Amino acid sequence: MRNNLLRKCTVTIAGWAVALLLFFPIFWMIVTSFKTEGDAIARIPHLFFSPTLENYRAVQERASYFHFAWNSVVVALGSTLLALVFAVPSAYAMAFVPTRRTRDTLLWMLSTKMMPSVGVLVPIYLIFRDLGLLDTKTGLLLINTLMNLPVAIWMLYTFFKEVPREILEAARMDGAGRFHELYNLLLPLSMPGIVSTGLLAIILSWNEAFWSLNLTAAKAAPLTAFIASFSSPEGLFYAKLSAASTLAITPILIFGWISQKQLVRGLTFGAVK
Amino acid sequence: MRIGVHRRYSGLMIRFLPFRSLLYILLAVVEMRGQTTLTIATVNNGDMIVMQKLSKEFQRENADIKLEWVVLEEKILRERTTTDAATHGAQFDVVTIGPLEAPIWGQRGWLTPLNDKLSAGYDLGDLLKPIRDGASYGGKLYALPFYAESSLTYYRKDLFQKAGLTMPAKPTYDDIARFAKALNDPAKGLYGICLRGKPGWGENMAYISTISNTFGGRWFDQNWTPQLDSPEWHVAVSFYVNLLQKYGPPGVSSNGFNESLTLFENGRCGMWIDATVAAGTLYDARQSKVAGTVGFAPAPIAVTPHGAQWLWFWALAVPSSSKNPAAALKFIEWATSKDYIRLVAQTNGWAAVPPGTRESTYREPEYLASAPFAQLTYSSIMAADPLHPTAKPVPYTGIQCIVIPAFPTIGDQVGQLIAAALVGNISVDRALKDAQAATQRVQRRSGFTN
Amino acid sequence: MVDRLITYDPAVYEAIGRKTWRKRLATISLKMPSIAVLFVWSVIPLLMTLWFSFQRYNLMDPGRKGFDGLGNYRYLLSDPSLILSIWNTVLLVGAVLAITIGLGTLLAVLFDQEFFGRGIARVLALAPFFVMPTVNALVWKNMMMHPDNGFIAFLMRGIGLRPIDWFAVAPLASIVIIVSWQWLPFALLTLLTAIQSLDSERKEAARMDGAGSIAMFFHIIWPHLRQAVAAVTMIETIFFLGIFAEIYVTTSGGPGFASTNLSFLIYRYALLEYDVGAASAGGVVAIVLANVLALFLIRSFARNLDA
């Protein structure tokens, strides 16, 4: 009995220690965003200080947060939707009509994602210039779809493979055999997997920092460009940077926290044996 | 369900069409209204932020021009604007560039030449000559300077007094070494001298070029052979490394301009050799703890006065691929005019005006009164001659920023190696040998001349 | 059996009728666009990179363009920092994988236990994964690892140690710390859900049989986790091969070239030298390296893809 209590105590302390340690840098950043610049760079970190909103005001004065945030939202959601639209049929085909080449195709797809984006910057920039896609949400959306497609297909492929064959077979035997009915059956069954793939894609698009900086100017710039306007100027900037960063990560943090159950459910589904 | 099939087929096209047609319609409407939109790319430095704020005035006077801002940190801005200029992407109507880009881009025709397009009241002759030279190529001016800087020596008058030292009117590096030793007191968190150590062609290399120049060194000889392994470079870099290792702050290899400024204004440095633009901040009691005791002296000299202080400016230019050159020209004229300077003086006080660009600023009695460092800034800039940066003859222009396209990568690599020597990972000899090899490699690759 | 979901069996057609032909067409035409688009989208950047890698093309020197044969590759291979950057890439991937999966497994086991406020603790522990890599790097660089006013420096001074200049003394290790911190929640979450999907009855049965924690871990939990670990390894490797933002923001590849990985080397060519040809050659080398690694990984986790 006592052993159990001791064990529970240790586990609780350990669990919370880990959680707090992992969360601390973010916490510290949020706290810094309410300090003055002078407080922010103090050698002895001020735990008690008079909070101020001046950084948020300065940030909003300089750059309209909502403009950038809106761009981020549109690009993240749009590219995820588009990626799913293309990934679902492909993953379906690979999961249920595997050929000898399926595995190789999957691997090769993944390997194309392993090439550093910076190597292909100029060619893509030239293409976008000629297509008039520079500084457009459309262009950024397309690039993000391209980036997320391999991961989406791979994850969906894994989830589809987990669908209990018996159910689908039963449907086929019922004389269904109709492609669309299978779709109507398969999709609901693997919805958690699809959702969690979508969530991952949204997070990846939101945080994508290379193309979103290099292919945009003023109109389509998302939050990553917003951050780049507060990092590393001349003069003191920690507090303002913290404010800008807090603004930039808050939507996705909240989104991630709300949807973590979905994420969890989807991954559980995928790992069930 | 049929619709589903269509959607998959034409998903791509449907994405394209509405956006693009909307765009065309919008553009047509906009053109009918006669409103032009300017996309301005600039650095996120204080003076540019002020420009962004005050641009409301410009928009009031020019109701048909709308301004859109792309404000980025220097590194990213440079990569963005260069890629765009080189590929004629037409993303920006106004770009903020420095003495590295202006002549090179001008030569390649990526910028609109400005001489004959300026309005009558602009007073081109009012611009300081070294700046004008630095922003031109082949006699044509390609960018209008927004603010400029040189380097000088900052020191703590109170600490000097306490130690019985006097800063001479023209200090030498021997003096500096002596002073650093006397002032160094790490136990109290006070370091004899603070200098840039952060690697980068615009960070530590800006300073190291000047110290190498003044010790008689140069980057390339007349045959374009790199001189990084020369005795002058050895003496200069060894001096720099030893000085910082003995009397510099800890972690100095992470300190760029910002970090050093923070250290000095918090009273942690006895001396600091860096950009003249820091003077305004150091002198401002709201931000600096040492406002009352900071002294200014020219940048130190060793063997020769040539190239002992650097020259840098941020200037506004119009890319030749811009779709609105007339409006863009109007804007950059406004932002670099005497009226703009007066506007800043009205809003933020004379000490906050963008320094180093116009003679008229330095004749303004109110400015000289509120900024005791102004005279020294002016003389430092005037003494910095980018066309004759070193004692020995050289085939290039530029004091700390050699005007060749390959300079950023050369400067970065050399800066990294010297930072490694500063940290103690490699010896100065090794660093300079590797720097020489790296420079030669890049040189062979790009085959540069200018 | 299930592979025949898409019917190629004429008997089935006859049984269901001519309507099936249209369905079959619909089937193929549903698959094809996706695969075709995928193919095109993956192949075009690859082809362009390949093409440019054989061209001499420097953005700053637009006049000197043309076929260059193996010139770019020769330049790349003669770069003294190439071997080091490949080695750094492997080190980075290996170290972060080891930390995230190793610690991730331990933490997953920990979070599998019931404890007070577990839900909230889990939520906090997940936060780092949602942060932008650039923000992540900036926070660590300016607020945690800064040798003067960073939090870690403050702690070290508190114990009486001299603060370390992380990015000067241990640049690669610092990058490893930053990236591991970001990706640990991902591994934790995936492995935790894998553990939780384990039949609790089996766990109880084992415990009743007298199995200690360690034995239970090795014989019950670990075999079940293998598949999840494989999945995590695959995804994480893809991203770690291209670690860039963190290096860009903190060390810029230095001091010297100590924290330059292949991605950053290519960046140097592309955006400092504006040498598109060399950058493309670097991209090709990166793909080759990635494929080698992928082959190696697949061989180790082959059963995952065939299951």
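How much space lies in the second largest cavity? The answer is about 870 Å³, and the tour of this predicted model begins there.

**First stop: the second largest cavity**

Select A:Glu208, A:Ala209, C:Pro133, C:Gly242 and C:Ala245, which are the closest to the centre of this cavity among the 44 residues that line it. By class, the lining comprises 27 nonpolar, 12 polar and five charged residues. The structure as a whole holds 15 cavities of 30 Å³ or more.

**Second stop: a helix pair in chain A**

Next, select residues 137-161 of chain A, which form helix α7, and residues 191-207 of chain A, which form helix α10. The two helices pack at an angle of about 155°, and their axes lie 10 Å apart. Because an angle over 145° counts as roughly antiparallel, α7(A) is roughly antiparallel to α10(A). Their crossing is right-handed. To view the contact, display A:Val151, A:Met155 and A:Phe159, which are among the residues of α7(A) that meet α10(A). On the side of α10(A), the residues in contact include A:Ile194, A:Leu200 and A:Leu204. By class, this contact has nine nonpolar, six polar and no charged residues.

Finally, turn to the largest pocket, with a volume of about 1600 Å³. Select B:Gly46, B:Asp47, B:Val50, B:Asp284 and B:Gln287, the closest to its centre of the 46 lining residues. Elements that give two or more residues to this lining include α3 (54-62) of chain A and α2 (46-61) of chain B. The largest share, six residues, comes from α3(A). By class, the lining of the largest pocket has 20 nonpolar, 14 polar and 12 charged residues.

Definitions and conventions
Residues are numbered from 1 along each chain as its sequence is written. Chains are lettered from A and ligands numbered from 1 in the order in which they are written. This is a predicted model: local features need pLDDT of at least 70, side-chain atom pairs count only at pLDDT 80 or more; totals for chains, interfaces and linings use all residues. Side-chain values use heavy atoms; hydrogens and water are left out. On a 1 Å grid over the protein atoms alone, a cavity is a set of points where a 1.4 Å probe fits but cannot get out, and a pocket is an open set with protein on both sides within 12 Å along at least five of seven lines; lining residues have an atom within 4 Å of a point. Grid points are joined across faces, edges and corners, and a volume is the space filled by probe spheres set on the points. Ala, Val, Leu, Ile, Met, Phe, Trp, Tyr, Cys and Pro count as nonpolar, Asp, Glu, Lys and Arg as charged, and the others, Gly among them, as polar. Axes are lines fitted to C-alpha atoms, for helices over the stretch in contact, and angles run from 0 to 180 degrees between N-to-C directions. Helices (H or I, at least four residues) and strands (E, at least two) are DSSP runs, numbered from the N terminus. Angles under 35 degrees count as roughly parallel, over 145 as roughly antiparallel, 65 to 115 as roughly perpendicular and the rest as oblique. A crossing is left-handed if the near helix is turned anticlockwise from the far one by less than a right angle, and right-handed if clockwise. Contact means heavy atoms within 4.5 Å.
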